[in-house]
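This report describes one protein model, going from single residues to the fold as a whole. The sequence and structure come first.

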Amino acid sequence: MGRKKGAGILVVLFAMCVSFLTAANVRADSSQVTVMPDKAGAKVSVIISDASMNGQNVSVVCYAPGWNGDTNDWNTNRSYISYIGQIKVSGTTTVSFPVKGGVQSGSYTLVLGCAGGKISKPFSFEGGTNGGGGGGGAVSISAPKSVKASQAAAKKVKVTWSKVNGAAGYNVYRSTKRLGAYTKIGAVSKTNFTDKKVKAGKTYYYKVSASNGGNQSDAAKVTVMKKPKIKVKAAKRSAKISWKKDSSANGYRVYMSTKKKGKYTIAATVKGKKKVKATIKKLKSGKTYYFKVSAYKESGKKKIAGKVSAVKKIRIK
């Protein structure tokens, strides 16, 4: 219920903003608006000193790099909106807001709209303050490069990156959407971090920044292997095991035991994510066997196993 209500408020707010942003009587002066990007905090401060906006309700919309410039196209551009809001301007007014999805490289666009007209100001987090009015936004520390995320165990993802000159340490952020909100999940002094709170079958995005300032890195994506759902069918002195394909896997392992809670051995290794069945032969007629399956990813010469399926038992014919 909360999400629907929040979405409804956002749509209404957007509609109000569009009515201002399409205003025909343009008297607003862009030189009287100063944009101050803060890389370290992933936020933007805006100083409005334009007299034509004084006393008015002003819409504030910040578009991320990639926006096509159309303030009326909600469906196409909603994913590029880093912030949307409205303020009442009284004299010289300052508004600050975080940018959705963290800092990206490229050109952002701030759009202010009111009955007095519309102002569009491009800016980036590389150059610090845009539009005059003092510095404070520039940061000399670079964003980490070569950020990679890979599954390291059934419930672990390892994130690595290159060393950054001048970095006192690193902050690691995670999201389930590339342009979604990123949450800080760790702070380390080394150039790697292991996320131990991931779920099978989920896709995650990771960004890294120096802990003492600088941009967040580009996002690194990883999909955690699924927990297989298996079927087991008895045949003459053999068992046929099948499961559904996992696009994030390189292959599968079939484990077998004569006791449900006994020791399991690898009965078969199936290479290739498209092969989703195996037949285990030379079993004893009348005997009960227990099977389970896990997907795996290759990491060099190692095979990283995903979460193991539920155990299925079968009595051999």
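K145 counts as exposed because its relative accessibility is 61%. Here buried means under 20% relative accessible area, exposed over 50%, and partly exposed in between, with a 1.4 Å probe and protein chains only. The model is predicted: local features need pLDDT of at least 70, side-chain atom pairs count only at pLDDT 80 or more, and totals for chains, interfaces and linings use all residues. Residues are numbered from 1 along each chain as its sequence is written, and side-chain values use heavy atoms, with hydrogens and water left out.

K145 sits in the loop between strand 7 (117-123) and strand 8 (148-153). Helices (H or I, at least four residues) and strands (E, at least two) are DSSP runs, numbered from the N terminus. With neighbours within four places in sequence left aside, K145 is in contact with W161 and S162; contact means heavy atoms within 4.5 Å. Q216 is 71 residues from K145 in sequence, and the C-alpha atoms of K145 and Q216 are 9.6 Å apart in space.

## Overall make-up

The protein has two helices and 22 strands. Of its 317 residues, 44% are buried. Among contacts between residues at least 6 apart in sequence, 64% join residues at least 24 apart. The protein exposes about 16,800 Å², and carbon and sulfur atoms supply 49% of that area. Accessible areas come from the Shrake-Rupley method with a 1.4 Å probe; for residues, only the protein chains shown count as cover.

## Nonpolar cores

A nonpolar core is a set of buried Ala, Val, Leu, Ile, Met, Phe, Trp, Tyr and Cys residues joined through side-chain atoms within 4.5 Å. The largest such core has 24 residues, and V44, V46, M53, L110, L112 and F123 have the most contacts inside it. Two or more residues each come from strand 1 (33-38), strand 2 (43-48), strand 3 (57-63), strand 5 (93-98), strand 6 (108-114) and strand 7. Strand 6 gives the most to this core, with four residues. Another core, of 22 residues, lies apart from it and has A234, A268, F291 and I316 among its members.

## Cavity

Rolling a probe the size of a water molecule over the atoms shows where empty space is left. On a 1 Å grid over the protein atoms alone, a cavity is a set of points where a 1.4 Å probe fits but cannot get out, and lining residues have an atom within 4 Å of a point. Grid points are joined across faces, edges and corners, and a volume is the space filled by probe spheres set on the points.

The structure holds one cavity of 30 Å³ or more. The largest cavity has a volume of about 30 Å³, and its lining consists of A64, S79, I81, S82, K100, Q104 and L179. By class, this lining has three nonpolar, three polar and one charged residues. Ala, Val, Leu, Ile, Met, Phe, Trp, Tyr, Cys and Pro count as nonpolar, Asp, Glu, Lys and Arg as charged, and the others, Gly among them, as polar.

## Loop residues

Most residues other than glycine have a negative phi, and most peptide bonds are trans. A42, in the loop between strand 1 and strand 2, has a positive phi near 55° without being a glycine. K282 also is not a glycine and has a positive phi of about 60°; K282 lies in the loop between strand 19 (277-280) and strand 20 (288-299). A42 is buried, with a relative accessible area of 13%, whereas K282 is exposed at 75%.

S309 belongs to the loop between strand 21 (302-305) and strand 22 (312-315). S309 is buried because its relative accessible area is 7%. Not counting residues up to four places away in sequence, S309 touches K227, P228, I230, K292 and V293.

Y206 is in strand 13 (residues 203-210), and K184 is in strand 11 (residues 183-188). Y206 counts as buried at 0% relative accessibility, while K184 counts as partly exposed at 47%. With residues up to four places away in sequence not counted, K184 touches N171, V172 and Y173. The table gives a C-alpha pair for each residue.

| Pair | Apart in sequence | C-alpha to C-alpha |
|---|---|---|
| Y206 and A220 | 14 residues | 5.1 Å |
| K184 and V208 | 24 residues | 9.2 Å |

Note on methods: On a 1 Å grid over the protein atoms alone, a cavity is a set of points where a 1.4 Å probe fits but cannot get out, and a pocket is an open set with protein on both sides within 12 Å along at least five of seven lines; lining residues have an atom within 4 Å of a point.
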